[in-house]
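Welcome! Here is a short tour for anyone meeting this structure for the first time. Take a look at the sequence and the model, then read on.

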Amino acid sequence: MMATRQTKTAGPAPEKGVFIRTYGCQMNVYDSERMADLLKPIGYRSVDAPEDADLVILNTCHIREKAAEKVYSELGRLKRMKSQRENDGEGMTIAVAGCVAQAEGAEISARAPVVDLVVGPQAYHRLPELLARQARERGEILDTDFAVEEKFDRLARRSADGPTAFVTIQEGCDKFCTFCVVPYTRGAEVSRPVSAIAGEARALAAQGVREITLLGQNVNAWAGDAPAGDPQGGRWGLGELCRFLAKIDGIDRIRFTTSHPRDMDDGLIAALGEEEKLMPYLHLPVQAGSDKILKAMNRGHTAEHYVKLIDRIRAARPDIAISGDFIVGFPGETTEDFNETLAVVEAVGYASAFSFKYSRRPGTPGAVMPKQVAENEKEARLAELQALLERQRSDFNAAQIGKVLPVLFEKAGRHEGQLIGRSPYLQSVHATAPKSMLGKIAPAKIRDVTPNALAGALISKDEDAA
Ligand code: SAH
Ligand code: SF4
Ligand code: F3S
């Protein structure tokens, strides 16, 4: 009998393992989850260790030098793993995604030939095709049945993992702060339309998601047309979008990050004051407290504008917790300038914050500015700033003792019978609670604080909530 050539047609592909390592911001966390979703229909299931993976994706961050360098040391480790797997007769495809991929492109494969695929943050929805092409070149066949669609359309088909979820609503940045690579790695500001965002939020709610965090590099620059049939119509900002999403049944908490002080408009401040589902927590980075440095950073506002803005936000929502980002040692920053950063921190009072030593990023204006600050000076300033921020954080946490906070329980705790959840202020809260409370919001009385969490006790409905 004549042999017939068999080609695989539609049908389940053999199962393969994918391991995704995520660096950087929440946007990358979101993108990694979406990559996992995109790969599922072509037979990839997530595995816990790169050793077990047929495909390893490093979803990278370019924001500071250290972040970018981590990728290359990881690629060194993967190279050894890949040869080991090849010796065992198994292959390993290595892909670099994210902001290093965008910033360095082909340079990555030149520096690390072990890399098979480089895919930028705007192209990863094409991963299935890229993998298929790569597999074909190796003589394998892999079936994919994706039609050509917009990235966001493809990403709408997503699965939930627990009661909280990120939803990207805006990407890119037009602000061009002189220290920052994001406008180059993520491109110009683009907003997703209301219908796509609401569709994704509804799909998540149907899968038990109670809290959504709207993501964007400059999330409060989001803008979109009111959906057809809206009585007022017109252009919407983030405030209107949040009010609209708050109407979705099942979605009980809404957060958004990261906001820019320049885009904090009255509509959003009013929504923070009036919409209870909007959580009383705002990440509003200022970076520095000296007007001279703010100008050199191209932030587009003064320190006074920022402090007054916080006052207005607090007037609308008195219990709001503020979080921020800071950079110390930007070129030209003197001790006096740095002291003005400390003064802003004292004036605002932060519930939490991230602070960094300025890192020179190739291609940004800051990298070639005169008066770069010495590394030891940056270190000393960072230590002083972090000590102050840490005091504020622990004071804020200690102030919760005795209060009753609604907690959304997300996962099992370290101890038997314990669950871990989040307060409205994004603090971790652990409490003794049955597993049936997972995915539910319940009041807990805060009894104690540990360095990284609050210890709470569930209170019954008839117990005094005061
Ligand atoms: N879009 C956000 C920030 C994104 S980057 C915003 O505008 O606030 C996250 C943080 O990394 C920044 O807020 C900043 O504090 C820090 N960062 C960015 N570039 C940096 C650099 N070159 N060196 C040190 N920190 C940096
Ligand atoms: Fe970077 Fe500034 Fe844009 Fe934030 S606003 S992403 S810090 S350029
Ligand atoms: Fe990093 Fe890119 Fe996010 S540079 S901080 S992963 S947008």
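Let us start with one pair of strands: β19 (residues 441-450) and β20 (residues 453-458) run antiparallel and are joined by six bridges. Please keep in mind that this is a predicted model.

- As background, the strands of a sheet pair through backbone hydrogen bonds, either parallel or antiparallel.

**Around ligand 1**

- Ligand 1 has 15 residues around it, and those that come nearest are Phe179, Gln217, Gln287, Asp325 and Ser359.
- With Phe179 the backbone takes part: one of its polar backbone atoms is 2.9 Å from a nitrogen atom of ligand 1.
- Taken alone, ligand 1 exposes 540 Å², and the protein buries 89% of that area.
- Two elements give two or more residues to this shell, namely β14 (321-328) and β15 (352-357).
- By class, the shell around ligand 1 holds six nonpolar, four polar and five charged residues.

**Around ligand 2**

- The residues surrounding ligand 2 include Cys173, Cys177 and Cys180, along with Phe179, Asn218, His260 and Arg299.
- Phe179 is also among the residues that come nearest to ligand 1.
- Seven nonpolar, two polar and two charged residues make up the shell of ligand 2.

**Backbone details to look for**

- Most residues other than glycine have a negative phi, and most peptide bonds are trans.
- The peptide bond from Thr257 to Thr258 is cis, with omega near 5°, and Thr258 sits in the loop between β12 (253-257) and α10 (266-274).
- Lys371 has a positive phi, near 60°, and is found in the loop between β15 and α14 (375-398).
- Lys371 counts as exposed because its relative accessible area, 66%, is over the 50% cut-off.
- Leu426 also has a positive phi, near 70°, and lies in the loop between β17 (418-422) and β18 (428-432).
- At a relative accessible area of 31%, Leu426 is partly exposed.

Methods:
Residues are numbered from 1 along each chain as its sequence is written. Chains are lettered from A and ligands numbered from 1 in the order in which they are written. This is a predicted model: local features need pLDDT of at least 70, side-chain atom pairs count only at pLDDT 80 or more; totals for chains, interfaces and linings use all residues. Side-chain values use heavy atoms; hydrogens and water are left out. Two strands pair if DSSP finds at least two bridges between them. Helices (H or I, at least four residues) and strands (E, at least two) are DSSP runs, numbered from the N terminus. A residue is near a molecule or strand if one of its heavy atoms lies within 4 Å of it. A polar contact is a pair of N or O atoms within 3.5 Å; within protein, one must be able to donate a hydrogen and the other to accept it, and residues adjacent in sequence count only if both atoms are side-chain atoms. Accessible areas come from the Shrake-Rupley method with a 1.4 Å probe; for residues, only the protein chains shown count as cover. Ala, Val, Leu, Ile, Met, Phe, Trp, Tyr, Cys and Pro count as nonpolar, Asp, Glu, Lys and Arg as charged, and the others, Gly among them, as polar. Buried means under 20% relative accessible area, exposed over 50%, partly exposed in between (1.4 Å probe, protein chains only).
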